[in-house]
Amino acid sequence: MSSAVEKSSRSEASFEGVDDVAMAAPKPAPRRNDSAALAKEIAEKLTYAIGKDPATARRHDWLEATTLAVRDRIVDHWLASNARNNASGAKRVCYLSMEFLIGRLLRDAINNLGLSEAIRDALSAYDVEIDLIELLEPDAALGNGGLGRLAACFMESMASTGVPGFGYGIRYVHGFFRQEVVDGQQVELPETWLEHGNPWEFERRERAFEIGFGGKVTMIEEAGKPPRQVWRPAERILAVAYDTPIVGWRGARVNTLRLWSARALDPILLDAFNSGDHIGALLEANRAQSITQVLYPADSHLAGQELRLRQEFFFSSASLQDIIRHHLKRHGDLTTLPDKVAIQLNDTHPAVSVAEMMRLLIDVHAMGWDQAWDITKKVFSYTNHTLLPEALETWPVNLFERLLPRQMQIIYAINAQIIREATQSGLDGGKIAAISLIDEGSGRRVRMGQLAFVGSHAINGVSALHTELMKKTVFHNLHELYPERIQNKTNGVTPRRWIMECNPDLTALVTEAIGPGFKDDITKIKGLDALATDAGFRDKFMAVKLRNKQRLAKTIEERLAISVDPHAMFDVQVKRIHEYKRQFLNIIEAVALYDQIRSHPEIAWQPRVKIFAGKAAPSYANAKQIIHLANDVARVINADPSVQNLLKVVFLPNYNVSLAEQIMPAADLSEQISTAGLEASGTGNMKFAMNGALTIGTLDGANVEMLEHIGEDNIFIFGLTAEQVAARRANGQGGREIIENSPILKGALDSISHGVFSEPGRYSNLIDNLYGNDWWMIAADFEAYWQTQRRLDTVWQDPTAWGTKAVHNTARMAWFSSDRSIREYAKDIWSAPTGA
Ligand SMILES: *Cc1c(COP(=O)(O)O)cnc(C)c1O
């Protein structure tokens, strides 16, 4: 493998990557950003980069031409940022993540460069509407949900807060599947975001590294040198870099997202081809490329295939080789690595990096074990994203050994060292077994969470509650051994995308009310708080909400042919479909409401539209049943004239970042109703509240801190606490007694079982679970949920009360900006600069 390092440094002589641009190169004249200059450049791109005549260009050509014109401006900033990084030698933050759910990039770039108006005007000269063409950009869905979207928000916030950040991930050819709903059921279709090319990415052919798999480890002894282990992989492939610029606010800094694509060393085996084996000649190339073909559609449960482990190692090794290459080139000596680089592991997917870093330092760069281990721990930090046992990554030892024999040896050696430290500090045998990197039960398995923990100097949870639970549960014993390592870093979302870009009307209103300062410093949005009781402002605020709801209503009409009243309460739950997130609880409430509206027409029911969206992992049967049920319930309720103007249920297919950008500004009520103790943070909760939705939620994840910031009068908290959930589970209290004592709940479950929405029995599995152990506490929390929803009806009846709370929500959410999260990481974990 040392040949990989030699190879890449050789290629440097002939190719210069974007981070190596010679400072003395002549600089092009700065570009003009007025609409006339932009119009001219867009036409030039259309003509000379795309080869189309403005008179015959299609919308897609205009999108591409506009993207290229904007991209030129980004590249100017990008080269300047990279030159500054290199000149200052400031510490770089490398964010390793299996997922980056970045969505569309054009609007983000235009907004952050301050070009919104100029581009609009430039295009209108050709009768082209930016709002229409930007919808043609594919939604880059290189992630499943919250974890991937967090990585995307963090990339934007690093660029906006002045952190020299580098994202490292995988360039999946097929991102997260496209969801269609056919006969009420989820159908998964391949996603093809690269089909029309990708103008945002720059292929860096010179930035390629060899990645090995399998083979043998042999001890080499050379005269006068200590013996060393050499890994001779049986299989070697190439990782090739593709760089996407990430533009920060006001373009002050442009960082890089580097995604790796797999390629065979030899594109074709000519011997085989010439001897007539035309298919076999390509087999190896196909096998290599398959590593980066598809994103695993798994969320909060384990994807246990060999290909997945290959993907994890592939991007970890490529990223570390790149980081080491860069460091050696700039600083010459790996002992200073921790002063110049921080590597954040986003969940355990890149945890094999700990072993791979040790291998690179020891086997390839001839460092001693103790020094290598010291450097490794100083460089790495790890973010935990889940406590769900079914989601904690482990790999069978024999698979690991076969695929990564040298890394397995190193893991054993790390384990021996940790166990020594534990024994010395007096931990007993049971506790030592619990911290071991190898799970000796249920077939021997490597525990990736433990590996990430011991190889990191800082381990963080993503909300205050989650961090406390981490200390008590998954990492209880490791926390006892290393009590200074765990800390909290509550998640955040970027207010550029999640307020300014998705809600331009709100942005204009806030600007009019308190000035534009909040765009540079989101904490200034607090200035709205005083206006919550100002009737004039509140009316404008709710008028913006209504316009956003009208737009969403139009989308619902177009996509589903369901007409909904924009004056009804839009009650929204959009997120991955998972039992712990409890969409089922919400659907049961819809059914109960349907029953109650019909049997009690005398009550002043408030009109509601219940909106759902989300994808289920293809192998997750219960989650798919929940989607089916939501669609069955929607079909029956929407067709029933007796509840027409009071209740509608909508399931919008194919939830993704772009759909989220349309839904968040249009929500009145945000459903954040996970079983307490199971949602690590949530970030959807933050996007809704920033856009003035009220939250109904449990004391879970970041909801707890939202309650502190927003105030208990402005958020609707219900249900069991994490402690109460744990106690009920421990007692084995099921749901039967509760259901039998709750006529409303019982009635709703009976309607579902008896076939009001489908043939009887279709959902008996879901319902039996409630009568049985009620693992997700749906029966246990139903009554509190129902009552809280009725309290919300009362508030909705009073537009002044509702509007006041809505304004308070927007005004008090600034702390949940990912800029705040990033500044905390930079200061407490990375020791990296922020500013400028
Ligand atoms: C924010 C976001 C998520 C995370 O939502 P949660 O409600 O926190 O689970 C998932 N998917 C998309 C597309 C998002 O934008």
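Which loop holds Glu134? Glu134 lies in the loop between α6 (130–133) and β3 (140–142); helices (H or I, at least four residues) and strands (E, at least two) are DSSP runs numbered from the N terminus. Glu134 is buried, with a relative accessible area of 8%, where buried means under 20%, exposed over 50% and partly exposed in between (1.4 Å probe, protein chains only). Leaving aside residues up to four places away in sequence, Glu134 touches Leu63, Arg104, Leu106 and Arg107, a contact being heavy atoms within 4.5 Å.

The model is predicted: local features need pLDDT of at least 70, side-chain atom pairs count only at pLDDT 80 or more, and totals for chains, interfaces and linings use all residues. Residues are numbered from 1 along each chain as its sequence is written, and side-chain values use heavy atoms, with hydrogens and water left out.

The predictor's confidence in each residue is given as pLDDT, from 0 to 100. Its mean over the chain is 94, and 97% of the residues reach 70 or more. Over residues 1–22 pLDDT stays under 50, and for this stretch the model has 43 contacts beyond four places in sequence.

The chain comprises 35 helices and 24 strands. A compact globule of 836 residues would have a radius of gyration near 28 Å, and the 27 Å of the chain agrees with this; the radius is taken over C-alpha atoms, and the globule rule is 2.2 Å times the number of residues to the power 0.38. Of the contacts with a separation of 6 or more, 77% join residues 24 or more positions apart.

| Chain property | Value |
|---|---|
| Box of the C-alpha atoms along the principal axes | roughly 95 × 75 × 60 Å |
| Buried share of the 836 residues | 61% |

An automatic or database domain assignment sets the domain bounds. The chain is divided into domain 1 (89–103 + 139–490 + 823–830) and domain 2 (495–816). Their C-alpha centres lie 35 Å apart. The contact between them takes 41 residues from domain 1 and 43 residues from domain 2.

A nonpolar core is a set of buried Ala, Val, Leu, Ile, Met, Phe, Trp, Tyr and Cys residues joined through side-chain atoms within 4.5 Å. The largest has 263 residues, and Phe314, Ile343, Phe400, Ile414, Ile588 and Trp830 have the most contacts inside it. Helix α24 (residues 583–599) gives the most to this core, with 10 residues. Domain 1 and domain 2 each supply at least three residues to this core. Beyond four places in sequence, Ile588 touches Leu745, Ala748, Leu749, Ile752, Leu770, Ile778 and Phe782.
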